[in-house]
Amino acid sequence: MKYIAITIFLLLISICMQAQVEHNFEMEPSNTNCHELPEKFDSPTNAINAIEKSTFRFTQSIKISRYHSPKAAFFYSCDGKTGYMIVDLKDGSREVYTIIPQEVWDEFANTNDPIGYYSTHIEKNYENLQ
């Protein structure tokens with residue numbers, strides 16, 4: 001009886017493995033409109049307004065410091081791979097980065113030194129809108 005149960009179990013596993021189908025297409029995220037954003041913006045202000053009014057698949061924000069730059073950072077991703085990063089600076093200005101990889105944001109959000117990480121990994125390596 002024990003061997004019959006094991007045989008049936010193995011048979012079911014092999015059938016399930018054969019039934020799995022891999023799809024190779026991308027679907028638009030439901031309930032989002034971020035895919036409608038333009039590829040280029042006229043100004044950082046227009047970019048910030050458009051980004052903040054759109055709905056994204058993934059959004060996250062972190063507060064960093066009251067007295068140092070950056071004070072806060074916001075990440076918006078439509079596809080879960082890359083996204084927009086908006087950074088609030090201590091002088092009240094804001095910077096926008098348009099193609100930040102999700103992995104870079106995750107490292108930035110989880111580091112013990114976000115100010116240092118920003119200056120060495122983001123500010124120097126990625127172009128912001130000006």
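Biologist: What pattern does the chain follow when read along the sequence?

Modeller: In this predicted model, the chain follows the pattern α-α-β-β-β-β-α-α. The secondary structure comes to 4 helices and 4 strands.

Biologist: How do you know that the 4 strands form a sheet, and in what order do they lie?

Modeller: Strands count as paired if there are at least two bridges between them. β2 and β3 are joined over 5 bridges, and β3 and β4 over 6 bridges, so both pairs meet the requirement of at least two. In both cases the sense is antiparallel. The sheet is open, and its order is β1-β2-β3-β4.

Biologist: What makes β1 and β4 edge strands?

Modeller: β1 (58-63) and β4 each pair on one side only. From one strand to the next, the twist averages 15°.

Biologist: Which residues are bridge partners in these pairings?

Modeller: Ala72 has Asp88 of β3 as its bridge partner. Val87 has Glu95 of β4.

Biologist: Which residues take a positive phi in the hairpins?

Modeller: The hairpin of β2 and β3 has 4 residues between the strands, and Gly80 takes a positive phi near 80° there. The hairpin of β3 and β4 has 5 residues between the strands, and there Gly92 takes a positive phi near 95°.

Biologist: Why is β3 called mostly covered?

Modeller: Of the 7 residues in β3, 6 are buried. For the chain, buried residues make up 32% of the 130 residues.

Biologist: Why is the pair of Phe75 and Trp105 called stacked?

Modeller: A pair of aromatic rings is described by the distance of the centres and the angle of the planes. The centres of Phe75 and Trp105 are 5.2 Å apart, and the limit for a pair is 6.5 Å. Their planes stand at 10°, and planes under 30 degrees apart count as stacked. The pair is therefore stacked. The structure holds 8 aromatic pairs.

Biologist: What parts of the chain does that pair link?

Modeller: Phe75 lies in strand β2 (residues 72-77) and Trp105 in helix α3 (residues 102-110), so the pair links distant parts of the chain, 30 residues apart.

Biologist: How do you know whether Phe75 and Trp105 are buried or exposed?

Modeller: The cut-off for buried is under 20% relative accessible area. Phe75 has 0%, and Trp105 has 0%, so each is buried.

Biologist: Why is the pair of Trp105 and Phe108 called tilted?

Modeller: The angle between the planes is 55°. Centre to centre, Trp105 and Phe108 are at 5.5 Å. Trp105 is buried, and Phe108 is buried too.

Biologist: How far apart are Trp105 and Phe108 along helix α3?

Modeller: Trp105 and Phe108 are 3 residues apart in α3, so about one helical turn separates them.

Biologist: Which residues do ring pairs link into a cluster?

Modeller: The cluster consists of Phe58, Phe75, Trp105, Phe108 and Tyr117.

Biologist: Which residues of helix α4 are buried, and what do they pack against?

Modeller: In α4 (residues 114-122), Pro114, Gly116, Tyr117, Tyr118 and Ile122 are buried. The buried residues of α4 pack against β3 (82-88), β4 (94-101) and α3.

Biologist: Why is α3 called roughly antiparallel to α4?

Modeller: α3 and α4 pack at an angle of about 150°, and their axes are 8 Å apart. Angles over 145 degrees count as roughly antiparallel, so α3 is roughly antiparallel to α4. The contact is made by Val104, Glu107 and Phe108 of α3, with Pro114, Tyr117, Tyr118 and Ile122 on the α4 side.

Biologist: Where does α4 touch the sheet?

Modeller: α4 packs on the sheet and touches β3 and β4. The direction of α4 makes about 65° with that of β4.

Key. Residues numbered from 1 in each chain as written. Predicted model: local features only at pLDDT ≥ 70, side-chain atom pairs only at ≥ 80, totals over all residues. Heavy atoms only, no water. Helix = DSSP H or I, 4+ residues; strand = E, 2+ residues; numbered from the N terminus. Buried < 20%, exposed > 50% of the residue type's maximum accessible area, 1.4 Å probe, protein only. Phe/Tyr/Trp six-rings, centres within 6.5 Å; stacked < 30°, edge-to-face > 60°. Contact = heavy atoms within 4.5 Å. Axes fitted to C-alpha atoms, helices over the stretch in contact; angles between N-to-C directions. Parallel < 35°, antiparallel > 145°, perpendicular 65-115°, else oblique.
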